[in-house]
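Me: I'd like to learn how to read salt bridges, interfaces and helices in a model. Can you walk me through one?

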Amino acid sequence: MQNDVRKLREDRALSQGDLAKHLSVSRQTVNAIETGRYLPSLPLALAIGRFFGKAVEEVFHVDG
Amino acid sequence: MIAHEGELVNSVRSTFGRWWLVLFGVALGGVMGAADLAMNGSPSRAVTDLAILGGYTVVLTVFRGRSETASVLAGNPVDERWQAINLHALAAAGMIGAFVALGGFIAAEATGHDWSGFAIVAGAIGAGYIGGVFWFRWRL
Amino acid sequence: MSTGRWYSVDRWFTPERGWAITALKVGVIVVVMLVWHAFFLFALIVMSLVGLRALMPKSETVSVLLGVPVDERWESISTRAWALAGQVVFVGVLTTLVAMQIWQTQGWGGDSTPYALAGAALAIAYLGGIIWYRWRQ
């Protein structure tokens, strides 16, 4: 699985800490999601999509 | 503790707030220290037992606001990733514990020592695992 | 709950590795039974494993018990079951250790070494697991 979380976050000039605060998770967790080490649960993936105003499949995708 | 914590644990936590873990550590250290004192008659060993368990829980409680790792060890994972880390670490501990118990059983049997303790631990892990499979099969 | 990379079917938990784990489990049981000098138990265990293997295509629970979960839900069930077993046994081992120490205080004999060893193994494995998975996921 790959995702565009880092790109979307940087487009909005947010730090990992800012995004973490919005999603109620830790900064390390945002970093782990961005680097693909951690696959978020469906509720968290939905929250990430909602935060960026996108559908989940626009943020997370199987291929690059 | 992962997803479903017992009511007893929750009520202890709500009663003693963030210091419940320290109280638990001091209580456990006190019991072990008292047993050590009665068995060996050495106050220094009893104090060491109390200091190790009490100190460990004090350090975790003090640092859990600053360190996410400490928060997991204190039983309060900060988010779902840390819950997953905790879950996988517990599962790994269960598996390794099973192998240690089996290895200890074989070693004790081979050297003519009493193997019943290892057999009980291995049996408990096996029963816990099989029971867990049936429980979570129904719950998930 | 997300399943971690370590347990993912398509990454770590390949069928080959599942079979290797099953073979290891069978090997351990065989060794235990041989040491026990109880061949009828050995035969019983082997026969039950053969029976479980025969049931494997029909039962997902049997697949998990043999170490080859069929999908991510069953991986999650297996992981949670191991975690539950680890927690329950850790609490049990600690309680028994304290009880054994008190027992020995009264001069009633007993050996607390297995419980101390198992408790230490569980604690070290748990702490090591936290550090390992923190780095891996």
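**Salt bridges first**

Reply: Let's start with a pair: Arg9(A) forms a salt bridge with Glu34(A), and their closest N and O atoms are 2.5 Å apart. Arg9(A) sits in helix α1 of chain A and Glu34(A) in helix α3 of chain A, so this pair ties together parts that are 25 residues apart in sequence. Before we go on, this is a predicted model, where local features need pLDDT of at least 70 and side-chain atom pairs count only at pLDDT 80 or more, while totals for chains, interfaces and linings use all residues. Residues are numbered from 1 along each chain as its sequence is written, chains are lettered from A and ligands numbered from 1 in the order in which they are written, and side-chain values use heavy atoms, with hydrogens and water left out.

Me: What counts as a salt bridge, and how many are there over all chains?

Reply: Side chains of opposite charge can pair when their charged atoms come close. The rule here asks for a side-chain nitrogen of Lys or Arg within 4 Å of a carboxyl oxygen of Asp or Glu. That gives four salt bridges over all chains. Another one joins Glu34(A) to Arg6(A), at 3.5 Å from N to O. Arg6(A) belongs to helix α1 (residues 5–11) of chain A and Glu34(A) to helix α3 of chain A, so the two tie together parts 28 residues apart in sequence. Helices, by the way, are DSSP runs of H or I with at least four residues, strands are runs of E with at least two, and both are numbered from the N terminus.

Me: Which residues make up the network of salt bridges?

Reply: Arg6(A), Arg9(A), Glu10(A) and Glu34(A) are linked in it. There's also a salt bridge between the side chains of Lys7(A) and Asp11(A), at 3.3 Å from N to O. Those two both lie in helix α1 of chain A, four residues apart, which is about one turn of the helix. Lys7(A) and Asp11(A) are both exposed.

**Interfaces**

Me: How do I read the interface of chain C and chain B?

Reply: The size of an interface is often given as the accessible area lost when the parts come together. Buried area here is just that loss (1.4 Å probe), summed over both parts. Between chain C and chain B it comes to about 5,200 Å², with carbon and sulfur atoms giving 79%. By class, the side of chain C that touches chain B has 35 nonpolar, 15 polar and three charged residues; Ala, Val, Leu, Ile, Met, Phe, Trp, Tyr, Cys and Pro count as nonpolar, Asp, Glu, Lys and Arg as charged, and the others, Gly among them, as polar.

Me: How many residues does the contact take from chain C and from chain B?

Reply: Contact means heavy atoms within 4.5 Å. By that test, 53 residues come from chain C and 54 residues from chain B. Across this interface the rule finds zero salt bridges.

Me: And what about chain A and chain B?

Reply: Those two bury about 680 Å² between them, 41% of it on carbon and sulfur atoms. Ser26(A), Gln28(A) and Tyr38(A) supply 57% of the area that chain A buries against chain B, more than any other three residues. The contact takes twelve residues from chain A and seven residues from chain B. Zero salt bridges turn up across this interface as well.

**A helix in chain B**

Me: What can I read from the span of helix α2 of chain B?

Reply: The expected span is 1.5 Å times one less than the number of residues. Helix α2 (residues 20–40) of chain B has 21 residues and reaches 30 Å from its first C-alpha to its last, close to the 30 Å expected. Its buried residues include Trp20(B), Leu21(B) and Met32(B). After α2(B) comes Gly41(B), whose phi is positive, near 70°. Chain B as a whole has six helices and zero strands, and 42% of its 140 residues count as buried.

Conventions
Buried < 20%, exposed > 50% of the residue type's maximum accessible area, 1.4 Å probe, protein only.
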